[in-house]
Amino acid sequence: DGEVHINELKNGSTEVFWNPTSEVRRQRLKRHIVLFEEQTDFESERLWQHVTSAINKGDQHKATQEKFVLEEEQRNAARERRESGAEWKPLLFRHDGGTDEWRYKYEDLRPWDPLNDIAQFEKDGILQTMERHLSTRMSNHKATCINNQITRHKRSAKDCRRRKTSDQPSNHSQNTESSCSTPESVQELSDDDGKYLGFESLCAQCGKEMNHLKEIHSAVLSLQKAQQDIHR
């Protein structure tokens with residue numbers, strides 16, 4: 001969010017390449033870091049604090065000295081491990097022998113699910129994704145509702161067939177027979193089948209969960225549009 005200039009070395013002229021507006025400055029993302037007193041000895045800000053301090057004071061000689069001290073300590077530690085045969089085991093990275101590269105142990109390469117994934121955060125050096133799990137919970141609940149509806153439907157169909165096979169030639173029997181227009185074989189039902197059988201809404205909880213998911217989806221789309229506008 002600062003000015004960027006292009007310096008022409010041939011003629012010494014300077015041109016403004018980027019000059020952000022006050023609106024752009026206000027939209028700057030906040031920097032979130034671990035408090036210095038909570039950092040471990042090997043975290044960058046604490047490890048390089050003396051080098052950083054010298055650079056900020058403009059003391060290039062002191063910064064170079066501090067950098068040499070750090071690197072020499074690392075070389076000595078590596079030498080001692082080789083001599084003792086100790087294996088260095090990184091906490092957060094693993095070596096990929098195929099590509100000869102270091103890879104983050106906990107990388108998550110699955111696509112982002114806007115309906116289930118809320119946010120990604122770091123805890124103890126491990127990147128984690130906060131999830132809703134609403135979709136899984138709802139699909140299981142919906143399946144249970146459908147199975148219960150099918151069971152009740154089959155039971156009523158059986159009762160209806162028993163009444164049909166009754167030999168009592170009464171008006172009551174005839175009325176029951178005419179009212180039993182339910183299909184005698186019930187197969188697995190889809191959502192459309194449910195509407196055909198007359199239970200469009202499976203239950204109050206299903207409807208509530210569905211409305212909640214729709215609201216979340218609408219909110220996510222709104223956020224995505226806002227992000228696109230900001231980038232543009």
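Predicted model: local features only at pLDDT ≥ 70, side-chain atom pairs only at ≥ 80, totals over all residues.
Residues are numbered from 1 along each chain as its sequence is written, and side-chain values use heavy atoms, with hydrogens and water left out.

Let's start with the fold. We have eight helices and six strands, taken as DSSP runs numbered from the N terminus (helices H or I, at least four residues; strands E, at least two). Their order from the N terminus is β-β-α-α-α-α-β-β-β-β-α-α-α-α.

Next, the surface. The protein has 232 residues, and 15% of them count as buried, meaning under 20% relative accessible area with a 1.4 Å probe, protein chains only. Carbon and sulfur atoms hold 51% of an accessible surface of about 19300 Å², computed by the Shrake-Rupley method with a 1.4 Å probe.

And what about contacts, with heavy atoms within 4.5 Å? Taking those between residues at least 6 apart in sequence, 28% join residues at least 24 apart.

Finally, which residues sit closest to the centre of the largest pocket? Of the 22 lining residues, they are Thr-40, Phe-42, Glu-43, Trp-88 and Leu-91. Helix H2 (44–47) and helix H4 (60–84) each give the lining at least two residues, and H4 has the largest share, with five.

How values were computed. Buried < 20%, exposed > 50% of the residue type's maximum accessible area, 1.4 Å probe, protein only. Contact = heavy atoms within 4.5 Å. 1 Å grid on protein atoms, 1.4 Å probe; cavity = no way out; pocket = protein on both sides within 12 Å on 5 of 7 lines; lining within 4 Å.
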